Amino acid sequence: MTEIDRKMKGEWPKNNCKETKSGREMTGKRQNERQKERQMDREQLIEEVTNAIWKMRVSQKRKRSGESDSGRGMVLNFLYEHQGQASPGDLRDYMHVTTPRVTAVLNELEEDRLIVRETAACDRRRVSVKLTDLGRERVGQRRKKKWEDTARLIDLLGTEDAEALLRICRVVEKLEDN
């Protein structure tokens, strides 16, 4: 029987337990170790739940409207995750939209001074889309808010229910892929 099986059945290894009238209980040392494991996993859980919820929301928006919201957030997040720059073609492929749609989103973001488009000196047909400092700041603020919102959700749910939510989100994601 594996340690996981023993834990699921409520059995604990003898060296980490003490005998009491009500049965075996974990020692304080083992309880502290488990608490540290949970705390270390909390950040990863927050990150994964945030991503799973975001994927579900984007998928639902695509179903309702034929594509995600205006696409602004997708572009800004993609640039943020790719060292602040990408080509319009990379963005089109990531967003699964047409080139004119990407152009419209880029025009909006450029007008709001969140991105700039630069033409390559060696080949004027090559364009690079880059985040501005303002764009980077906005994405950072949005990510921080998402992280805090998810942390509050996990605190309300508790670790066990949050892990169940994550499993459910992953199942829904698999269904969406089929």
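Which residues does Ile 115 touch, not counting residues up to four places away in sequence? In this predicted model, Ile 115 touches Leu 76, Leu 79, Leu 106, Leu 109, Glu 110, Val 129, Lys 130, Leu 131 and Thr 132, where contact means heavy atoms within 4.5 Å. Let's look at what surrounds this residue.

A word on the ground rules: residues are numbered from 1 along each chain as its sequence is written, and side-chain values use heavy atoms, with hydrogens and water left out. Because the model is predicted, local features need pLDDT of at least 70 and side-chain atom pairs count only at pLDDT 80 or more, while totals for chains, interfaces and linings use all residues.

**Overall build**

- The protein has seven helices and five strands; these are DSSP runs numbered from the N terminus, with helices being H or I of at least four residues and strands E of at least two.
- Starting at the N terminus, the order of elements is α-β-β-α-α-β-α-α-β-β-α-α.
- Of the 178 residues, 26% count as buried (buried is under 20% relative accessible area, exposed over 50%, partly exposed in between, with a 1.4 Å probe and protein chains only).
- Among contacts with a separation of 6 or more, 52% come from residues 24 or more positions apart.

**Nonpolar cores**

- The largest nonpolar core holds 18 residues, and Val 75, Leu 76, Leu 79, Leu 91, Leu 106, Leu 109 and Ile 115 touch the most other members. Such a core is a set of buried Ala, Val, Leu, Ile, Met, Phe, Trp, Tyr and Cys residues joined through side-chain atoms within 4.5 Å.
- Two or more residues of this core come from each of helix H3 (72–81), helix H4 (88–95), helix H5 (99–111) and strand S5 (127–131).
- H3 gives the largest share, five residues.
- Another core, of nine residues, lies apart from this one and includes Leu 45, Ile 46, Ala 151 and Cys 169.

**The sheet**

- Three strands form an open sheet in the order S3-S5-S4, with antiparallel pairing; two strands pair if DSSP finds at least two bridges between them.
- Strand S3 (85–86) and strand S4 (115–119) are the edge strands, each pairing on one side only.
- S3 and S5 are joined over two bridges, with Ala 86 opposite Val 129 and Gln 85 opposite Lys 130.
- S4 and S5 pair over five bridges, and Ile 115 stands opposite Leu 131.

**Helices around the sheet**

- H3 packs on the sheet and touches S3, S4 and S5, its direction making about 90 degrees with that of S5. Axes are lines fitted to C-alpha atoms, for helices over the stretch in contact, and angles run from 0 to 180 degrees between N-to-C directions.
- H5 lies across S4 and S5, at about 115 degrees to S4.
- The axes of H3 and H5 come within 10 Å and cross at roughly 75 degrees, so H3 is roughly perpendicular to H5 (angles of 65 to 115 degrees count as such).
- At this crossing, Arg 72, Val 75 and Leu 76 in H3 meet Val 105, Leu 106, Glu 108 and Leu 109 in H5.

**One aromatic pair**

- The whole structure has one aromatic pair: Phe 78 and Tyr 94 are tilted, 4.7 Å centre to centre with 40 degrees between the planes. Rings of Phe, Tyr and Trp (its six-membered ring) pair if their centres lie within 6.5 Å; planes under 30 degrees apart count as stacked, over 60 as edge-to-face and the rest as tilted.
- The pair links Phe 78 in H3 with Tyr 94 in H4, 16 residues apart.
- Phe 78 counts as buried because its relative accessibility is 10%, whereas Tyr 94, at 26%, counts as partly exposed.

Methods
Angles under 35 degrees count as roughly parallel, over 145 as roughly antiparallel, 65 to 115 as roughly perpendicular and the rest as oblique.
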